[in-house]
Amino acid sequence: MAELNQFERWQQIRQQSLSLVATLSSEDCAVQSMPDASPIKWHLAHTTWFFETFILEKLEPEFTAYHPVFRMLFNSYYNGIGEKHPRAQRGLLTRPSLEQVLEYRQNVDARIGCIWRARPSAELAKLLELGIQHEQQHQELMLTDIKHLFSCNPLLPVMLISTTPRKSELTSGLRWHRYPAQLVEIGHEGNEFCFDNELPRHRQFVEGFELADRLVTNAEYLNFIEAGGYQNPSLWLAEAWDWIKTSAVRHPLYWRQQDGENDAQWQEFGLHGLQPLDLHAPVCHLSYFEASAYAQWLGARLPSEAEWEYAAAQPNKLQQLFQHCWQWTSTSYSPYPGFAIPVGAIGEYNGKFMLNQYVLRGSSCFTPAQHARLTYRNFFPASARWQMTGIRLARSLNNI
C-alpha cells in the first residue's frame, strides 16, 4: 500500500509541474532571461530526462531512448552521463517544441507506470523518490525563473491572475532570543527522505549567540537604503564592493521607484505583476553581499548554519522560519564531516557544488512544503539574487 501511495504521489507531482505553468504561452516557455535561469520548456524536459535516464535506462527491458539527442540536450550537469548542451544556451533551443516536450513527458510517464505495475521493487521506489524530490526542486526554480523572465519584459506580465497578493500584517519590533554556548547536533536523522548533503548528523560547537525572532522587513531594509548603505564602502566586503560598483546595484532585485507628486513611491514586481511595496513583508531577492552589509550596518551578523538549525529546533521561539524567504547564513557550503559522495552519476547531485557558495536555510513561498525542513541545505553564490533570499540577523554574546 505504501508503494502504491508513493506512485500516486509521483503522478501528482508530475501533474503539478504542468499545473504551475498552465497559464503560460509556448513563447513564455521557450525563453531564457539569463545564464542562471532556464526556460520553462527545459525544466519540463529535464525532469523527464531524469526519469528516463536513471529509471528507464536502468530498469526497462529492451530500453530505447525516446530521442537519442535528448540525452545531451536535457542533461544538466551530469558529466558521468555524457555530453551536455551549454547551460547559457538553453534559450536557443527553439526545437523541440513545447508540444514535443509534453509528448516526451507523456511517453516517459507511461513507461514508468508500466514498470511500476509490472515489477515494483525497493530500488525503483528509491529512484522514484529521488526523482520526485528533484522535480519539486525544479518546480521552485520554474517559478523563480519565470518571475525573472517576466521582470525583463516592459509589459510586466502577470502570471497569477486568479488571486491578489496578500498584504502582510504589521510586524512587531525585532526581538532577540539568546542561546548559550554548547555542543549541538545538526544534520538529518530518521528514516524520512533527505538529500545526501544533509548527512551525516554530527556535532558542532557553537559559542553563545542571539538570533532575531523574525526576518528583516522591506521597511527596515528601506531605512538602510535611505541611510546611504549602498554608498558606504565600510559596510561591504571587498568583493562585494567591487560587485556594487560594476553592477550598479542600489536596491533589491525587483524593487522599482516611481516618482509621485510628493515622494518617490517604491513598487515591487512579482508573479502578480507590479504592486506597491509591502513594507511589512520580509525583504527578499538579496545577495549574500547585501545581506552581510545590512547586518554590518546594524552591528549584527548573519548566523552560521549550525546556529540557525539549533535555534530553529527550539519550539515556539522563532517566526517565519519557512515559506517566506530563504535565509542566508555565514557558512560556506562544504561537506559535513564524514560525508561520502554516492557512487555513480547520482553522486554528482550535490557534492560537486561544495565550493564558492554559501548555505541558505529555511524555505520560501515558492518552495514545496515537503522541502521545508530544519536540515535542508540550499546553496548559492554570494552574488545570486533571483531566488527568494532574505535576512535573519544574529549577534554574538561577547559583542553585545
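I start with helix α9, where Glu305, Ala306, Glu307, Trp308, Glu309, Tyr310, Ala311 and Ala312 are buried. That is eight of the eight residues in α9, residues 305-312, so the helix is largely enclosed by the rest of the structure. Before going further, please keep in mind that this is a predicted model.

Next is helix α5, which covers residues 122-151. Is α5 mostly covered or mostly uncovered? Mostly covered: 25 of its 30 residues are buried. As a check on its geometry, 30 residues at 1.5 Å a residue should span 44 Å, and the end C-alpha atoms of α5 are 44 Å apart, so the two agree.

Now the packing of α5 against helix α4, residues 98-118. In general, two packed helices are described by the angle between their axes and the distance between the axes. For α4 and α5 the angle is about 150 degrees, and the axes are 12 Å apart. The cut-off for roughly antiparallel is over 145 degrees, and α4 and α5 are therefore roughly antiparallel to each other. Their crossing is left-handed. Which residues make the contact? On the α4 side they are Arg105, Ile112, Ile115 and Trp116, and on the α5 side Leu124, Ala125, Leu128 and Glu135.

Thr48 sits in helix α2, residues 40-59. Why is Thr48 classed as buried? Its relative accessible area is 0%, and buried means under 20%.

On to the strands. Strand β6, residues 264-270, is mostly covered, with five of its seven residues buried. β6 pairs with strand β5, residues 255-259, in the antiparallel sense over five bridges. In that pairing Asp259 stands opposite Ala264 of β6. β6 is also joined to strand β7, residues 273-276, by four bridges, and β6 and β7 run antiparallel. One of the partner pairs there is Gln267 with Pro276 of β7. The link from β6 to β7 is a hairpin through two residues.

Strand β4, residues 209-212, has two partners to mention as well. In a regular strand the side chains alternate between the two faces of the sheet. In β4, Phe209 and Leu211 point one way and Glu210 and Ala212 the other, and all of them are buried. β4 pairs with strand β1, residues 176-179, in the antiparallel sense over four bridges, and Trp176 stands opposite Ala212 of β4. β4 also pairs with strand β12, residues 394-396, antiparallel and over three bridges. There, the bridge partner of Leu211 is Ala394 in β12.

The last item is Pro200, in the loop between β2 (182-186) and β3 (202-206). Pro200 has a relative accessible area of 27%; buried means under 20% and exposed over 50%, so Pro200 counts as partly exposed. Leaving aside neighbours within four places in sequence, Pro200 is in contact with Ile186, Tyr336, Pro337, Gly338 and Phe339. How far is the C-alpha atom of Pro200 from that of Glu129? The separation is 19 Å, for residues that are 71 apart along the chain.

Technical notes:
Residues numbered from 1 in each chain as written. Predicted model: local features only at pLDDT ≥ 70, side-chain atom pairs only at ≥ 80, totals over all residues. Heavy atoms only, no water. Expected span 1.5 Å × (residues − 1). Buried < 20%, exposed > 50% of the residue type's maximum accessible area, 1.4 Å probe, protein only. Pairing = 2+ DSSP bridges. Axes fitted to C-alpha atoms, helices over the stretch in contact; angles between N-to-C directions. Parallel < 35°, antiparallel > 145°, perpendicular 65-115°, else oblique. Left-handed = near helix turned anticlockwise from the far one by under 90°. Contact = heavy atoms within 4.5 Å.
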